[in-house]
Amino acid sequence: MSSSKTVDLATHPLTLWQGPLGLPDFTRIGDNDFGPVFDAALESHQAEIDAIAGSSEAPTIDNTLAALELAGEPLDRVSSIFWCRAGAHTNDDIQALERDISPKMSRHFSAISMNEKLFARIDDLYQRRDSLNLDPETLRVLEKTWKGFVRSGAKLDAEGKKRLAAINEELSSLGTKFGQNVLADERDWALFLDEADVAGLPDFLKSAMAEAAEMRGQKGRYAVTLSRSIYEPFSTFSERRDLRETVFRAFTMRGQNGGASDNTDVVRDMLKLRAEKAKLLGYESFAALKLDDTMAKTPKAVHDLLDPVWQKALEKAANDQKELERLATEAGSNDKFAAWDWRFYQEKLRAEKFAFDEAELKPYLQLERVIDACFDVATNLFGVTFEEKRGIAAWHPDARVFMVKNVDGSERGLFLADYFARPSKRSGAWMSALKSGYKLGPGAKPVIYNIMNFAKPPAGEAALLSVDEAKTLFHEFGHALHGMLTDVTWPSVSGTSVSRDFVELPSQLYEHWLTVPAVLEKHALHVKTGKPMPKDLLDKMLAARTFGAGFATVEFTASALIDMAYHARPDAPAEPLRFEAETLEKLDMPDTIAMRHRTPHFGHVFAGDGYSAGYYSYMWSEVLDADAFSAFEETGDPFNPELAERLRKNIYAAGGSKDPEELYTAFRGKMPSPEAMMVKRGLV
Ligand SMILES: [Zn+2]
């Protein structure tokens with residue numbers, strides 16, 4: 001029986017949002033509502049798509065492109081609430097629904113992108129685009145939509161479509177297998193230690209290792225596992241060189257241990273299929289296909305960034321190594337300095353250079369004050385203000401609602417924030433939208449939210465943050481501003497709908513204002529005394545930021561370069577791991593540093609498609625944010641009004657309405673060089 005007979009989308013609280021401030025009325029939404037409403041909403045979206053595709057009228061922007069963009073409103077609404085719940089406040093029922101809904105959604109949307117009648121109408125508009133007299137944003141949306149269909153195989157003949165579907169399916173199961181193999185190797189390996197072996201390790205590490213041993217049935221002992229949160233601190237603090245070596249070897253061999261969980265063949269097959277897919281779709285290489293809709297656009301542009309950084313990082317790391325070798329000799333070591341020594345001596349050097357403790361900073365970073373600082377910076381830069389609206393129900397009692405207003409007092413949208421960890425929330429921090437802002441058709445005001453995982457203090461006490469946590473709050477709020485300040489017509493280019501190598505600019509850039517002295521002086525006040533953070537503590541905190549950059553940049557960039565080397569060639573290497581070794585040798589990779597992710601466990605690139613030919617993106621965004629903030633520094637005013645207005649207009653408000661290079665140039669006057677990023681990292 002069709003569920004649409006029992007659900008009325010026009011009146012259901014999941015799809016008709018009539019709670020306070022135009023939010024959904026969360027008090028009337030039950031967990032069992034999602035399933036039937038999803039079914040009805042998918043059906044209603046399909047009916048809209050069929051009507052557009054089957055129209056007897058000639059295609060126009062209104063009856064095809066705009067109709068397509070505005071279709072599926074009920075599906076958008078139920079999805080946005082569901083995915084919010086799935087991440088921020090889940091339970092067994094929601095998780096079961098998730099397993100049911102994910103494949104349904106993916107079948108639904110892939111059927112739309114393979115819909116030939118629909119593509120014929122889009123293609124007709126696209127071919128006539130120059131005679132349609134379109135404004136630039138509409139033209140861009142038309143081009144992006146057309147390209148999206150083509151990249152999904154819409155232009156292939158029947159045989160090509162069949163082959164592409166088969167490749168995609170095979171890639172997706174290989175990607176899943178890759179991830180599960182790494183997980184199996186991580187799960188199966190543990191090094192059990194006793195009290196004498198763990199002398200000198202910090203308490204937080206010892207308790208994590210005790211917990212890990214107990215989970216593996218060895219209560220009372222300590223386990224080193226291959227989870228990064230244990231591996232890294234163990235390599236940093238363990239005095240036992242023999243154990244550090246054992247653990248290092250196990251960590252870097254994940255996915256390459258022979259047997260059922262070995263990823264060597266999985267990688268070989270994936271690279272082959274990716275090369276074939278690119279060829280089928282008319283691209284020179286898989287990297288060319290993946291980069292086509294990014295800011296970098298070509299493998300060459302990626303290398304223009306990574307290659308000079310690589311050289312500087314090698315120099316810096318070589319100098320750092322000399323200093324670490326000196327420390328090792330002073331400590332009485334006669335061994336040749338090795339990869340499992342780096343983190344250990346680097347920590348000794350850090351303690352020697354920057355004698356301060358994270359615990360000294362924490363009392364100055366009260367959550368409520370840091371939230372105020374986020375809002376205050378946004379008001380200073382962009383004129384928007386935030387007013388908390390209390391007593392409004394959201395998905396959980398901890399979620400707070402803020403009205404966002406423009407300079408003239410008019411309503412801009414809503415910001416919701418849910419700051420504390422709880423068992424029903426997944427880990428990490430993120431931004432998303434219950435509703436994106438746009439002007440097309442009836443238009444919509446943005447409803448944006450941030451989710452954090454800070455430890456909840458006992459009642460009556462102030463929540464205190466670490467520097468990293470305060471930075472995360474600024475980071476996610478930067479994404480939120482990208483959503484809230486959006487000023488575009490078309491929904492598909494609203495807010496954070498930008499390319500993978502551009503989306504971290506608004507967030508990483510915003511982090512810079514946390515450490516602007518005027519901001520800290522006003523908001524970093526001691527929880528007991530109310531006094532601002534002392535200058536020398538602030539200076540030490542700032543100076544420590546670039547420590548260890550040679551090592552970090554080499555391990556990151558090596559992985560990014562290998563990712564590009566695999567995917568920028570037209571074919572696939574017959575033996576990927578030999579290719580990895582040869583490429584590293586050509587790059588002069590030091591044998592005292594390991595890649596951050598070696599091929600057989602490089603999940604970003606092989607456990608799915610997310611960051612394949614895209615690991616560079618993190619550094620690409622960093623080049624942009626460092627250069628963008630240095631624009632403010634050059635004026636001597638971190639809130640320079642003229643620059644802030646250009647930043648608002650071209651970056652935070654523009655979404656994906658223009659090419660990112662055009663947007664960046666409009667803000668900065670030129671494209672960035674990696675210079676400012678290298679200064680920020682302490683490489684020059
Ligand atoms: Zn981010």
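Reply: Start with burial. A residue is called buried when its relative accessible area is under 20%, exposed when over 50%, and partly exposed in between. Keep in mind that this is a predicted model.

Me: Is R668 buried or exposed?

Reply: R668 has a relative accessible area of 13%, so R668 is buried.

Me: Which residue forms a salt bridge with R668?

Reply: In general, a salt bridge needs a side-chain nitrogen of Lys or Arg within 4 Å of a carboxyl oxygen of Asp or Glu. Here the partner of R668 is E634, with the closest N and O atoms 3.1 Å apart. This pair links distant parts of the chain: E634 sits in helix α24 (residues 617-635) and R668 in helix α26 (residues 660-668), 34 residues apart. E634 has 59% relative accessibility, so E634 counts as exposed, while R668 is buried.

Me: How many salt bridges are found in the whole structure?

Reply: A search of the whole structure gives 60. One of them joins K104 to D39, where the closest N and O atoms are 2.9 Å apart. K104 is partly exposed at 26% relative accessible area, and D39 is partly exposed at 27%.

Me: What is the salt bridge partner of R326, and where do the two residues lie?

Reply: The general idea comes from helix geometry. An α-helix has 3.6 residues a turn, so residues three or four places apart point the same way. In this structure the side chains of R326 and E323 meet in a salt bridge of 3.8 Å, N to O. Both lie in helix α13 (residues 299-330), three residues apart, which is about one turn of the helix. R326 counts as partly exposed at 33% relative accessibility, and E323 is partly exposed at 26%.

Me: What does the check give for α1?

Reply: The 20 residues of α1 should span 28 Å, and the end C-alpha atoms of α1 are 28 Å apart, so the two values agree.

Me: Which helices do the buried residues of α1 pack against?

Reply: They pack against α2 (61-70), α3 (73-88), α4 and α5 (116-127). The buried residues of α1 include F34, V37, F38, L42, I49 and I52.

Me: Which strands pair with β7?

Reply: Strands run either parallel or antiparallel, and β7 shows each case. Strand β5 (residues 411-420) runs parallel to β7, and six bridges join them. Within this pairing, A417 has N450 of β7 as its bridge partner. Strand β6 (residues 430-435) pairs with β7 in the antiparallel sense, over five bridges. There, W430 has I451 of β7 as its bridge partner.

Me: Why is β7 said to be largely enclosed by the rest of the structure?

Reply: Seven of the eight residues of β7 (residues 447-454) are buried, so the strand is largely enclosed by the rest of the structure.

Me: Which residues coordinate the zinc ion?

Reply: The zinc ion is coordinated by H475 (NE2), H479 (NE2) and E504 (OE), at 2.1 Å. Along the chain these donors follow the spacing H-x3-H-x24-E. H479 lies in helix α17 (residues 467-484) and E504 in the loop between α17 and α18 (505-511), so the pair ties together parts that are 25 residues apart in sequence. Both H479 and E504 are buried.

Me: How far apart are the centres of domain 1 and domain 2?

Reply: The domain assignment gives domain 1 as 20-155 and domain 2 as 190-253. Their C-alpha centres lie 48 Å apart.

Note on methods: Residues numbered from 1 in each chain as written. Predicted model: local features only at pLDDT ≥ 70, side-chain atom pairs only at ≥ 80, totals over all residues. Heavy atoms only, no water. Buried < 20%, exposed > 50% of the residue type's maximum accessible area, 1.4 Å probe, protein only. Helix = DSSP H or I, 4+ residues; strand = E, 2+ residues; numbered from the N terminus. Pairing = 2+ DSSP bridges. Domains from an automatic or database assignment. Expected span 1.5 Å × (residues − 1). Contact = heavy atoms within 4.5 Å. Donors = N, O, S within 2.8 Å, 3.2 Å for Na, K, Ca; no water.
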